[in-house]
Amino acid sequence: MAKRKTPPSPAYILGVGLTKFTKPRGKIDYTELGFEAGIKALLDARINYDDVDQGIACYCYGDSTCGQRVFYQFGMTQIPIVNVNNNCSTGSTGLAMAREKVAYGAAECVMVVGFEKMSAGSLRSAWGDRVSPTGTTWEMMREVRGLTAAPGAAQMFGNAGREYMEKYGAETRDFAEIARVNHAHSAKNPYSQFRDVYTLDEILSSPMLHEPLTKLQCCPTSDGGAAAIVVSKSFLAARPHLRSQAILIAGQCLATDATSLFNRSSISLMGFDMSQYAAKTALEEAGVSAKDVQVCELHDCFSANEMITLDALGLCEPGRAHEMVRKGDITYGGRCVVNPSGGLISKGHPLGATGIAQCAELCWQLRGWADNRLVKGAKVALQHNLGLGGAVVVTVYKRADGRSNEHVASGSDVGYNPAVEARGFTREQVERVRSRTSRSEWALGDTEKKVEARF
């Protein structure tokens with residue numbers, strides 16, 4: 001993100017919504033995922049769709065106007081709707097775009113909905129008749145480290161882990177410990193695709209994909225949806241009763257790669273330098289340092305990426321991420337709780353929804369709602385969402401009222417605590433938040449009935 005010539009006006013996350021993340025089986029369509037997450041976000045924000053000025057749809061796998069297909073189910077109010085694809089950072093890219101619109105006066109209220117209906121198995125390109133956007137990255141990896149029969153992403157991130165071991169002394173067990181912690185965290189997240197807890201030995205003895213990465217250190221493909229409502233200072237000021245639940249985007253940076261991407265380092269090849277730059281920029285804007293961060297949602301597509309990213313974000317001293325892991329400083333009772341949601345490794349990774357789901361978890365943490373996994377006393381939260389190719393978004397969050405999460409925010413119109421219960425909604429609730437002036441039952445079709453049937 002280019003250096004801003006004028007400071008942005010405040011922008012806030014007013015509402016969030018999430019579906020359960022599930023194994024891709026082709027049983028739930030993207031229209032249902034987007035609808036469920038969106039209705040929950042509108043209820044959480046306590047607004048009607050008529051209040052929304054613009055819509056942003058985030059997904060990687062789908063035709064070009066899937067966003068309109070999802071948003072029309074809430075209403076057909078003729079607002080601008082754009083469709084975003086930025087690889088694995090798609091969801092947080094949508095959030096960054098929404099923040100820019102709000103911060104510079106283009107909108108008062110922007111709704112961001114991310115969804116993904118994926119295929120089972122490892123990620124693969126949908127286009128075999130053209131050059132891959134990550135082809136130059138793949139060729140650099142091949143030239144420096146060679147190729148194996150392992151899935152491509154596991155090779156690339158695994159090689160970054162190997163380099164971290166060679167340069168700084170990390171060991172295989174350190175990467176497995178990262179996965180052990182994330183699986184342990186996910187047991188308390190009702191939205192997680194996997195909620196099983198494993199011992200360190202079980203993780204180490206799971207099938208080896210590409211050393212140091214075993215199967216239980218790799219994120220799965222997932223179906224899922226997430227949504228967020230981003231609003232302006234004036235929008236929030238007109239609704240003072242919602243201030244305690246509003247989460248300030250205190251700092252944010254959307255960045256892409258530097259020339260160091262191709263410096264023949266396997267760590268740099270995985271976006272280390274752009275993550276480092278984005279973190280520095282976002283933290284400076286927020287007026288805090290990495291030492292102030294108490295809770296972090298980090299893009300752990302593989303345990304190796306969490307290792308190098310702890311370093312890139314400044315959560316540890318350079319080259320000492322493995323020491324942070326060994327000390328227990330990535331979990332409760334340690335320096336900073338990383339991925340209280342379970343992270344991508346265990347929660348799942350529906351590409352378009354991932355960044356918004358990270359945002360939802362941190363909003364619940366700062367509101368004081370994540371009762372069963374709360375990082376007590378947290379005032380500053382950090383989000384990191386990475387996509388090879390490449391793009392990264394790092395965001396710093398604080399509460400709008402400046403308090404810590406020991407002061408619990410007022411409840412949600414969802415009717416239960418969405419941080420600890422993955423439930424649904426009633427028809428009356430749907431009626432309350434869909435457009436009052438410009439709704440189409442033809443556009444909605446049977447989506448609502450399908451979603452309600454799952455509850």
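How many aromatic pairs does a search of the whole structure find?

1. The search finds 10 aromatic pairs. Rings of Phe, Tyr and Trp (its six-membered ring) pair if their centres lie within 6.5 Å; planes under 30 degrees apart are stacked, over 60 edge-to-face, the rest tilted.

2. This is a predicted model: local features need pLDDT of at least 70, side-chain atom pairs count only at pLDDT 80 or more, and totals for chains, interfaces and linings use all residues. Residues are numbered from 1 along each chain as its sequence is written, and side-chain values use heavy atoms, without hydrogens and water.

3. Take Phe35 and Phe74. Their pair is stacked, at 5.8 Å centre to centre and 10° between the planes. Phe35 lies in helix 1 and Phe74 in the loop between helix 2 and strand 3, so the pair ties together parts 39 residues apart in sequence. Helices (H or I, at least four residues) and strands (E, at least two) are DSSP runs, numbered from the N terminus.

4. Phe74 is buried, with a relative accessible area of 0%. Buried means under 20% relative accessible area (1.4 Å probe, protein chains only). Tyr49 and Phe74 have ring centres 5.7 Å apart and planes at 45°, so this pair is tilted. Tyr49 is buried too.

5. One aromatic cluster holds Phe35, Tyr49, Phe71, Phe74, Phe425 and Phe455.

6. Two arginines sit over rings. The charged end of Arg239 is over Phe235, 3.6 Å from the ring centre. That of Arg367 is over Trp369, at 4.5 Å. The test: NZ of Lys or CZ of Arg within 6 Å of the ring centre and within 35 degrees of the ring normal.

Definitions and conventions: Buried < 20%, exposed > 50% of the residue type's maximum accessible area, 1.4 Å probe, protein only.
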